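Hi,

Here is the structure I promised to pass on. Have a look at it first, and then read my notes below.

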Amino acid sequence: MAIRQADIMKPLGRPRRVVSKPRHTASVLVRRSWPSRRKSAKQIAVRSVKVIKLPRNEMFKAQTVAYRVVTYSKLNKHLHRVTVFVDSGWFSSKSRPVVDCSCADFVYTFEYVLAYTGNGMIWRCNGDTPDERNPGHRLGLCKHAIAALTVMHRRSLSEKLVRSTRSKAKINWRRGK
Ligand SMILES: [Zn+2]
């Protein structure tokens with residue numbers, strides 16, 4: 001299993017947070033996700049959850065925790081990377097996270113809307129409104145991010161999440177991973 005380059009949405013530049021305080025909690029983001037995506041999230045499994053290094057930057061606070069969740073499809077084994085940034089310590093369903101996923105659905109349907117509630121960044125999309133795929137600018141997450149937040153919520157209840165492996169991997173803003 002490998003992450004196929006064609007599946008990865010490369011960013012156009014460095015990310016931009018347009019709203020500094022995320023409005024919605026993780027549980028609201030999942031609850032308000034579209035029924036179609038919540039249904040397809042059942043086909044997504046989580047391979048690993050790790051805490052990764054966040055390079056010093058002006059977008060996040062020093063105490064922000066960044067989780068990298070690798071998901072795979074039970075159907076076609078495609079992998080995706082979901083990154084969840086929490087400004088206020090360890091993740092719980094009440095955290096107000098900034099979310100990113102490397103899939104096209106996230107980038108072209110949800111990234112813009114999430115950026116404007118503070119729960120995302122303008123990073124992989126070009127910053128134009130998603131008028132074709134999400135004309136009502138409805139809040140939501142892709143199936144990978146739904147699966148990731150659901151598993152993170154479950155692990156946070158048993159404190160498994162606090163013991164997440166720390167990875168030496170560092171986010172590369174330019175390459176989008
Ligand atoms: Zn996705």
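This is a predicted model: local features need pLDDT of at least 70, side-chain atom pairs count only at pLDDT 80 or more; totals for chains, interfaces and linings use all residues.

F85 is found in strand β3. Leaving aside neighbours within four places in sequence, F85 is in contact with F60, T64, A66, P97 and V98.

Now the overall picture. The protein has four helices and five strands, and from the N terminus on the elements run α-α-β-β-β-β-α-α-β. With 177 residues, a compact globule would have a radius of gyration near 16 Å, and the 15 Å of this protein agrees with that. The C-alpha trace spans about 40 × 40 × 30 Å along its principal axes. Of the 177 residues, 36% count as buried. If you look at contacts between residues at least 6 apart in sequence, 69% of them join residues at least 24 apart.

On to the sheet. It is open, has five strands in the order β4-β3-β2-β1-β5, and its pairing is mixed. β4 and β5 (165-170) stand at the edges with a single partner strand each, so one side of each has no neighbour in the sheet. Neighbouring strands are turned by 35° against each other on average, direction ignored. α4 packs on this sheet and touches β1, β2, β3 and β4, and its direction makes about 70° with that of β1.

V82 stands opposite C101 in β4, and T83 stands opposite D100 in β4. In a regular strand the side chains alternate between the two faces of the sheet. In β4, V98 and D100 point one way while V99 and C101 point the other way, and all are buried.

Which residues touch the most other members of the largest nonpolar core? They are Y67, V84, L141, A145, A148, L149 and M152, out of 40 residues in that core. The elements that give two or more residues to it are α1 (26-31), β1 (44-53), β2 (65-73), β3 (79-86), β4 (98-101), α3 (104-115) and α4 (143-157). Apart from neighbours within four places in sequence, L141 is in contact with L29, V30, S33, R37, V99, F110 and I146.

Next, α4 itself. This helix has 15 residues and reaches 22 Å from its first C-alpha to its last, close to the 21 Å expected at 1.5 Å a residue. The buried residues of α4 are K143, H144, A145, I146, A147, A148, L149 and M152. An α-helix has 3.6 residues a turn, so residues three or four places apart point the same way. After α4 comes E159, whose phi is positive, near 65°.

K77, in the loop between β2 and β3, has a positive phi of about 65° although it is not a glycine. With 10 C-beta neighbours inside 10 Å, K77 counts as exposed. H137 has a positive phi of about 50°, and H137 is not a glycine either. Its place is in the loop between α3 and α4, and with 12 C-beta neighbours inside 10 Å, H137 counts as exposed.

The C-alpha atoms of S92 and K143 are separated by 19 Å, and the two residues are 51 apart along the chain.

Cheers

Technical notes: Residues are numbered from 1 along each chain as its sequence is written. A nonpolar core is a set of buried Ala, Val, Leu, Ile, Met, Phe, Trp, Tyr and Cys residues joined through C-beta atoms within 7 Å. A residue is buried if 20 or more other C-beta atoms lie within 10 Å of its own, exposed if 12 or fewer, and partly exposed in between; C-beta atoms are placed from the backbone. Two residues are in contact if their C-beta atoms, placed from the backbone, lie within 7 Å. The radius of gyration is taken over C-alpha atoms; the globule rule is 2.2 Å times the number of residues to the power 0.38. Two strands pair if DSSP finds at least two bridges between them. The expected span of a helix is 1.5 Å times one less than its number of residues. Axes are lines fitted to C-alpha atoms, for helices over the stretch in contact, and angles run from 0 to 180 degrees between N-to-C directions.
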